[in-house]
Every structure is written in structure tokens, then in C-alpha cells.
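The sequence and structure come first.

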Amino acid sequence: MNTIGVVTGSRRTARGAALLLYCSFQFFILTIVAMFIYPGGTHLNPAAPHYEFTRNFFSDLGATRTYSGHSNLASEILFIIALASIGFSLVAASGIWRSISREPGDAHRTIGHATQFFAVLAGLCFVGIAATPWNLLGPPHMFFVKLGFSLLLGLMLSMVLLQHRNAWPFVFIAANGLYIVALAAYVYILFYGPKLNTDGGLEFQVVAQKIIVYLSIANLATQAYGLRQSALATSPTRP
């Protein structure tokens, strides 16, 4: 690749990483605000007066109505913006693996394309989750949830392999490695965890989801920061 191509690619990578970083911070803020304005109600207690952090799923924020039948429009809008933004930014930033892969070769390109493939599909699944409120479209909503987190696991596995092969800074490899362990455990819980018909089962599933969702966003932000710094270091001019 010539110098102009390298600079252009670095600028594109920096912009994609910056977008993902921005949307990650936005997700934290919007979901917390949505929790505060959620009208209330849980799976086992429809009359609950407010959002319960250990008994309400994230998806409750995106429902058109609460368990007691109240309109949930304000919380739903914030949830859709927060999650869809993460999804679209993953798709937009899917090519940033090129900032990791510094060595030529078919093996690196294959892993890189796998990283991009998982990023695009995982991003589309997150958009799908946002677009399918569970109270109206339960089966497709759960399909996108299970597939999205499974694809996210594939994305991080391929990314950490690419990082290892290219001697990426250890802090980012370690963050990805720890996150992969947590995500693999959650994917297992998602498919085989306790049912929601008991208070203990509901709390276990809800807390596990809260942990992995916020860990996912934090790790995406961490990786995006590293990629942006690498891209800025490569480019002689600001993106």
C-alpha cells in the first residue's frame, strides 16, 4: 500500500474507533437515564413502582409497555438509541482490524476478515435487539440476543488472536482475554442458566446480564481507544 493509502486507512480507522468509543459512553448514559424514567414493573412483580436493577432486564427498557400495561415510550426511545448506536458503530468500525494487522500474509488477512465478519453481524444483531421489543416480538428478540452475544464472542476471539500475532500492547490483549472468559460464561448461562419463574433464578439472570452488558461496552471502549491511538500514531496528520 502506498503512503497515501496508509494515511487514508489510518484516518478511516481513527474515525471508526472514535465513533465506537463515543457510542460506548453514550450507551452508559442513556441506559442509566432510561432506568430512572422506567415506569416500573418486573417479571414476577408487575406492580413494582420503579426499575429494579437486579430484577429488570435491559430489554425491559425497550418494551413498548411495562408488565402492568403502562406506556414505556420515553425509556424505549432511549434504549433504542443506545443499543442501535452500538450496533451501527460496530458495523461502521468493522474494518479497524487493519490497524492491528501490521504484518502481511494470508493468515493475518483471514483472521482480519473473520474479525470484520463477526463485527458486522454482531452489530446488526444489536440493531435487531433494539428493533424487536420483547413484549411484541419475543422470539425474534431472543434470537437476536443469543446470536448477538455468540457473535460477539467470535469477534473477541478473532481479535485477540490477531492482537497476539501482531505483538499488540499487553494491556489490550489482557482486557480482551478476561472479557472472553466472562462472555463465554454468560453465553453458557444464556442457553442453560436458571429459569425466570423463581425470584432467585430471575435475579441470577438479570445480574449476569447487567455484568456482561456493561463489561461488553467497557471492553469495546477500551479496544476502540487502543485502535484509535494506534491509527493516530500511524497518520502524520489529524483524522
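In this predicted model, I29, I32, V33, F36 and I37 make a nonpolar surface patch of about 500 Å². V33 belongs to helix α1, which covers residues 3–37. Residues qualify for such a patch only with over 30% relative accessible area. V33 has a relative accessible area of 37%, so V33 counts as partly exposed.

Of the 239 residues in the chain, 49% are buried.

Next comes the fold. The chain contains seven helices and zero strands, and its pattern along the sequence reads α-α-α-α-α-α-α. Among contacts with a separation of 6 or more, 70% are between residues 24 or more positions apart.

What empty space is left inside? Rolling a probe the size of a water molecule over the atoms shows where such space remains. In this model the count comes to two cavities of 30 Å³ or more. The largest cavity has a volume of about 210 Å³. It is lined by 16 residues, of which L83, F126, I129, F149 and V213 are the closest to its centre.

Which helices each supply at least two residues of that lining? They are α2 (58–61), α3 (73–92), α4 (106–131), α5 (138–165) and α7 (199–234). Helix α7 gives the largest share of the lining of the largest cavity, with five residues.

Technical notes:
Residues numbered from 1 in each chain as written. Predicted model: local features only at pLDDT ≥ 70, side-chain atom pairs only at ≥ 80, totals over all residues. Heavy atoms only, no water. Helix = DSSP H or I, 4+ residues; strand = E, 2+ residues; numbered from the N terminus. Buried < 20%, exposed > 50% of the residue type's maximum accessible area, 1.4 Å probe, protein only. Contact = heavy atoms within 4.5 Å. Patch = residues over 30% accessible without salt bridge, like charges linked within 9 Å, V, L, I, M, F, W, Y side chains within 5 Å. Areas by Shrake-Rupley, 256 points an atom, 1.4 Å probe, with all protein chains shown as cover. Salt bridge = Lys/Arg side-chain N within 4 Å of Asp/Glu carboxyl O. 1 Å grid on protein atoms, 1.4 Å probe; cavity = no way out; pocket = protein on both sides within 12 Å on 5 of 7 lines; lining within 4 Å. Points joined across faces, edges and corners; volume = space filled by probe spheres on them.
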